Amino acid sequence: MNRRLTQHLNVLDYALSSLWRRRAKNLSVLVVFSWVIFLVASFQLVTQALTETAASVLRSTPEITVQKMSAGRQVEIPLDVSTRLAGIYGIQEIVPRVWGYYFDEVSGANYTVMGIAPGRMPLLDRLQLTLEEGGVYDQESHGKAVIGRSIRRTLEEKGSTLLSLFRPDLSQASFEVTGVFKPEVDILTNDLVVMNIEDARDLFAIPPAMATDLCVYVANPAEVPTIAKKIAEALPGTRVLTRSQINRTYQVVFGWRSGFASVCLLTALTAFVILAWDKASGLSPEEKREISILKILGWETADVLAVRFWEGILVSGIAFVLGCTLAYAHVVFFNASLFKPVLIGWSVIYPEFRLVPSFRLAQFLLVFSLSVLPYLAATVIPAWRSASVPADSALSGM
Amino acid sequence: MLLNSWSIALLLCGLIVLFLMGLAARSAIRVLLFWNPESDSNRQIRLENEIWLTSTLVEYALGIQIISLIVFVLAADFYSQSIAGAMCATGSLLANSFGVPALLVKIGGVFFYGFWIVLHHLDIHSEKYPLVRVKYIYLLFLIPLLVLDLALEILFITGLKPDIITSCCAVVFGDATGGGSNLLGGFTHGLSMGLFYGTAGALILLGVVLLERWQRWLGVLFSSGWLWFFLLALTVVTTEFSSYIYAMPFHKCPFCILQPEYHYIGFVIYFALFLGAFFGMSGAVVEPLRFVEGLEEGVTGYQRSAVKLSLLFLVFFVLVSSYHYWRYILIGGEG
Amino acid sequence: MLIELKNVTKIYNQGQINEVTALKGIDLTIDDSSMTCLRGASGSGKSTLLAIIGCVFQPTTGRVSIAGKQLSRLPDRFLTLHRRQYIGFIFQTFNLLPALTVQDNITLPLVPLGIAPVEMRRRAAVLMDRFAIAHRRNFPASQISGGELQRVAIARALINNPPLILADEPTAHLDSRLSEEFMHFMKDLKTAGKTIIITSHDPLVTEHADVDRIVDIKDGRIDAA
């Protein structure tokens with residue numbers, strides 16, 4: 001075998017035994033370090049999961065949404081405005097949408113009710129793909145709905161197969177459930193009821209020929225900004241939202257939140273780095289003696305530095321694996337319960353959904369550079385100080 | 001966009017490197033002022049110890065710089081999500097005029113720190129430490145580069161605004177016929193492929209000759225050949241090979257191959273290329289040191305292993321980077 | 001002639017208020033396969049002289065060469081490289097690492113040389129057999145007797161097969177029986193061709209029959225008397 005490789009393996013072996021001999025001291029560093037990495041990694045995984053979910057949500061939204069504004073509030077938009085948009089070149093389809101919130105007094109839950117004409121959506125097949133079971137109701141039929149999983153659970157508890165809702169005049173409207181959404185899209189669909197647009201108007205008592213907003217589908221994404229501008233000019237008094245605008249707002253908010261939290265976590269990291277520095281530089285008489293013995297026996301300064309380097313790599317490697325594993329478990333199995341207070345904004349919007357973080361090398365590299373690198377940098381000087389203990393202190397008369 | 005995890009990680013890396021190199025520079029100044037190999041005074045003993053400190057510091061700084069280079073590219077990819085028109089790192093790097101310079105300075109930094117470490121290892125091979133002054137003056141010259149690196153990085157990050165509209169890889173690296181400005185136009189497919197494989201072949205040939213017997217002018221030719229090949233390879237990977245990796249004829253981008261969708265193949269490609277180029281070029285860089293007393297043996301030894309390593313990485317790089325291309329040519333698109 | 005010192009002086013903390021001149025113009029040559037004793041009171045400079053011969057540090061002025069290699073004016077790193085090739089040390093307090101096993105203590109000098117663990121253990125086994133400590137192989141150094149400690153220390157000094165053995169007050173903490181035993185081992189080593197230098201003022205050492213030469217050190221000079 002290569003001599004230098006063997007040399008490094010020997011030194012690594014020595015570093016391992018040296019860590020083990022000082023296990024009490026190293027364990028405390030390891031525990032605190034794992035905890036810091038756990039915090040950083042948990043937070044990174046949560047924000048990543050939320051960002052990705054938001055992005056997937058946005059992928060299914062239309063390129064442009066048109067809402068009518070009155071006194072700064074959103075009001076219903078008459079369907080005939082769409083005729084005024086017909087002349088704009090590049091619009092593929094304009095789909096009216098009726099949606100709103102429904103408070104179910106029996107279960108005490110808020111449902112999101114959305115009425116669309118599925119046949120007019122260019123992405124109907126995608127909607128079908130998000131269903132766990134059943135299918136989308138066909139366009140003509142009334143009294144049918146596709147629901148989210150939490151609503152189905154409520155129905156199952158009641159032992160009912162029909163979804164019964166009440167109109168504002170308290171008359172009952174019943175819907176046959178034709179399909180249920182998949183758990184992967186829970187963040188969006190957990191409390192969602194999708195039905196025929198006319199049924200939705202009927203349920204909310206919205207006059208015919210009105211909709212909550214208009215979804216404008218555009219064939220060429222490059223034309224979206226131009227078309228949005230033209231729509232805004234053609235329809236004064238409306239708010240025109242493009243998907244990328246919404247996306248960017250999300251990004252900035254998510255990014256800001258995670259950044260803010262990173263700053264808080266950096267404080268924890270700083271505290272840890274100070275601890276690491278302190279632990280590494282407190283050279284006990286035994287350690288000093290050990291190094292002077294090693295050096296007089298022919299160990300170079302570089303060899304002792306290599307021992308210290310491997311010790312640092314081992315400690316931070318173990319802490320990194322430990323911290324990241326715990327963070328993953330924390331986010332996936334415990335729903336990031338430690339961060340609930342910070343994430344309160346999201347948890348109110350999307351009650352009870354499962355976070356599914358994706359494993360990306362980039363995430364771990366990020367956590368690595370936020371935790372392991374500062375640790376290694378903090379231990380260079382103490383490592384060198386210990387490695388430069390002179391050999392002659394091992395002699396008696398020196 | 002200073003307040004997100006990626007920016008913070010980048011700045012943290014930058015500050016750590018600056019901190020480490022600052023300490024190294026402090027030692028460097030002390031060594032330059034007080035180094036006296038004739039003395040056995042406490043100060044000289046301390047300075048001899050500080051040589052180990054500085055080399056360790058620079059080695060750590062190099063390691064962190066490499067990681068920060070990767071983080072920088074991945075961060076640019078992350079920023080692209082919130083910049084209009086950007087779909088990958090290319091878009092965000094072009095979103096303001098500091099992105100590309102920051103990347104180039106970072107890459108340069110990796111090479112320059114690497115050369116310092118080569119210098120250091122040659123130096124400590126000789127009992128007289130003949131390069132002590134040279135290497136510490138060199139180290140002091142690295143500091144401005146480092147400050148420039150950090151400054152460009154900060155300017156780049158703070159200059160990123162979500163409302164800036166930028167062009168992305170499809171436009172920048174796409175065919176000239178596709179409209180928009182083409183950054184790397186001018187080479188036809190046949191010419192660039194011919195140059196790529198021709199240069200690689202010539203380098204291998206030269207390297208084998210050099211391993212047989214080192215000749216100065218051949219060594220210099222080998223190293224300049226590597227510099228040329230390094231730039232050529234970056235271009236060819238971007239404009240030719242990348243679209244075969246993406247399996248999309250109009251997707252040409254040097255950064256997307258780093259993504260997990262393509263099994264991180266970009267990391268393998270760039271690591272091989274950078275290491276090969278580093279060893280290939282450093283062979284001639286150390287040539288003048290052959291005349292320094294006590295270094296001849298070390299220089300010869302280093303040049304031999306550098307040529308060997310550069311050839312190894314060259315072959316590996318050519319195989320990995322053109323794998324998708326040849327598979328497409330030989331087997332066809334799907335499968 | 002293995003060792004040659006010419007006009008060697010050593011001044012600690014030169015130019016400072018606590019400046020101490022430990023050696024003043026030492027000329028000394030030591031032959032191959034000989035046993036030399038450096039004798040002197042504590043503070044006489046004999047340990048400093050041993051450290052200079054042992055490549056632990058440089059002299060302030062003068063020339064030192066060991067086995068034909070010029071050693072003065074060498075950076076610390078090259079002194080170390082030379083030390084681990086040519087010199088085995090035995091210390092007054094043995095300087096074993098108490099938490100490591102006997103075997104690990106013995107192989108300690110080989111760790112940075114890039115010698116494979118199998119080879120390290122093989123070499124250690126030979127020496128442990130020779131010094132009758134093989135049964136203690138996996139005991140921590142803190143749990144073995146004084147006589148065994150001494151033999152472990154000798155085994156460690158021999159593991160890299162150095163031509164030169166330096167012993168720094170080796171018998172100061174030993175009873176007379178163990179001191180006798182120590183000198184017996186040294187005699188064997190000398191017969192095997194090693195050069196041995198011992199600092200001591202213990203009569204058991206200085207008056208031992210196998211000591212070829214006694215060098216008296218007084219106030220940093222070789223006392224010719």
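Colleague: How many residues does the contact take from chain A and from chain B?

Modeller: The model is predicted. Residues count as in contact when their C-beta atoms, placed from the backbone, lie within 7 Å. On that basis, the contact takes from chain A 30 residues and from chain B 29 residues.

Colleague: Which element gives the largest share of the side of chain A that touches chain B?

Modeller: Two or more residues come from each of α9 (243-281), α11 (301-333) and α13 (361-387) of chain A. By class, this side has 18 nonpolar, 10 polar and 2 charged residues. The largest share, 13 residues, is that of α13(A).

Colleague: Which strands stand at the edges of the open sheet in chain C?

Modeller: The sheet has 6 strands with mixed pairing, in the order β6-β7-β8-β3-β9-β10. β6(C) runs parallel to β7 (residues 164-168) of chain C, and 4 bridges join them. Each edge strand has a single partner strand, so one side of each lacks a neighbour in the sheet; these strands are β6 (87-90) and β10 (221-222) of chain C.

Colleague: Which element gives the most to the side of domain 1 of chain B that touches domain 2 of chain B?

Modeller: The domain assignment of chain B places domain 1 at 5-165 and domain 2 at 170-331. In the contact, 17 residues of domain 1 of chain B meet 17 residues of domain 2 of chain B. On the domain 1 side, α2 (42-79), α3 (89-93) and α4 (99-123) of chain B each supply at least two residues. With 5 residues, the element that gives the most is α4(B).

How values were computed:
Residues numbered from 1 in each chain as written. Chains lettered and ligands numbered in written order. Predicted model: local features only at pLDDT ≥ 70, side-chain atom pairs only at ≥ 80, totals over all residues. Contact = placed C-beta atoms within 7 Å. Nonpolar A, V, L, I, M, F, W, Y, C, P; charged D, E, K, R; others polar. Pairing = 2+ DSSP bridges. Domains from an automatic or database assignment.
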